Amino acid sequence: MIYLDHNATTPLDERVLEAMLPWLRGNWGNPSSVHALGRAARAALEQAREQVAALAGAHPSQVIFTSGGTEANNAALKGVAARLPAARLAASAVEHASVQQPLAALGRAGWTVASIPVTDQGQVTVQAVEAALREGARLVSVMWANNETGVVNDIGAIAGVVRAAEAVLHTDAVQALGKWPVDFAASGAHLMSVSAHKLNGPKGVGALLLDKAVDMEPLLHGGGQEKGRRGGTENLAGIVGFGRAAELAAAELASRRERLLKLRQRLERGLQEQVPQAVVFAARAERLPNTVFLALPGIDGETLLLELDRLGLALSSGAACGSGYSEPSHVLRAMGVAADLARCAVRVSLGAGNTEQDVDTLIAALRQQAARLQTMAAMAW
């Protein structure tokens, strides 16, 4: 199987697994315990916090470990809202469901929820954010990079206008971290969500990065872990794995980006030359180096995925969390893409294990499917 779905999840790096194994097999101490085993666990936890902070451009004290990106997004939005009087909040129209659904819950709790429009290339402009702020938004959420199109937003510029309006900015950087230079401190964002399994770390662990000036209510109350910000005994092995994955991503970021961009360009060039009817969405926008969201007009995306799966190619139709739904991508609809074309969309997201041969195999498979469609159309005529 050729795996081309790295925005959904990534294979666990063997070097990450090696770092985790001692904490799965023999070092079972609770990081909150004061004895030697507990102190060793605490030291490993804090080392991982430093590693994640270094990759994300944050101070270690700003890193709050969570069960993943979904919890981090929920904690950020619900936590800040809990300390503010119900007012107005705004998020881009292309946010992940783990942002959209907490906002919907806040809407039911008395908040007014506004959608920030995007351009036809899927970008959130400073002007659109300014418009939301003029309408009274006190909490704003704009993702760093989109999980479907790969489009990268200018979070620094957006943070500038949000801070000038004395509002709070949250950014979902789950897809960006490890694929794109991310600097929490320099960006000016108040809160940022990240996840381990998008950068060859383990599933079930993520983090919320928090500006110390932000007042928020914990989503989970418990034994005071994470300085009272997130209750519950820490997933130590997972956190250690996250730390090691972050360390590797920091050391290899430039080479990974270069390699993935070359593969993406090879794919897009091959589509242009061999499958000219293919549509690449957000082609003119700045995007993650590994992501191509495309469609073969007239071929339903789910049907195409099944055909490619039969040929040994693993892709997705967009957000993995939304698989199984027949509705067209909300991201493409927000970009103004017609529903019929949006239903044809499939996402290619490249990763460390992919090769030029993998890309060429995919191009050949897409060419075959496009030709099959043309033959069927000719027979019907």
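Trp23 lies in helix α1, which covers residues 14-25. The model that places it there is predicted. The protein chain as a whole comprises twelve helices and twelve strands. Its radius of gyration is 21 Å, close to the 21 Å that the globule rule gives for 381 residues, so the chain is as compact as a globular protein of that length.

**Surroundings of Trp23**
- Leaving aside residues up to four places away in sequence, Trp23 touches Ala40, Ala41 and Ala44, and also Leu236, Ala237 and Val240.
- Between the C-alpha atoms of Trp23 and Gln277 there is a separation of 51 Å; along the chain, these two residues are 254 residues apart.

**Dimensions and packing**
- The C-alpha trace of the protein chain extends over about 75 × 55 × 35 Å along its principal axes.
- Buried residues account for 55% of the 381 residues in the protein chain.
- When contacts between residues at least 6 apart in sequence are considered, 74% of them in the protein chain join residues at least 24 apart.

Note on methods
Residues numbered from 1 in each chain as written. Predicted model: local features only at pLDDT ≥ 70, side-chain atom pairs only at ≥ 80, totals over all residues. Heavy atoms only, no water. Helix = DSSP H or I, 4+ residues; strand = E, 2+ residues; numbered from the N terminus. Contact = heavy atoms within 4.5 Å. Rg over C-alpha atoms; globule rule 2.2 N^0.38 Å. Buried < 20%, exposed > 50% of the residue type's maximum accessible area, 1.4 Å probe, protein only.
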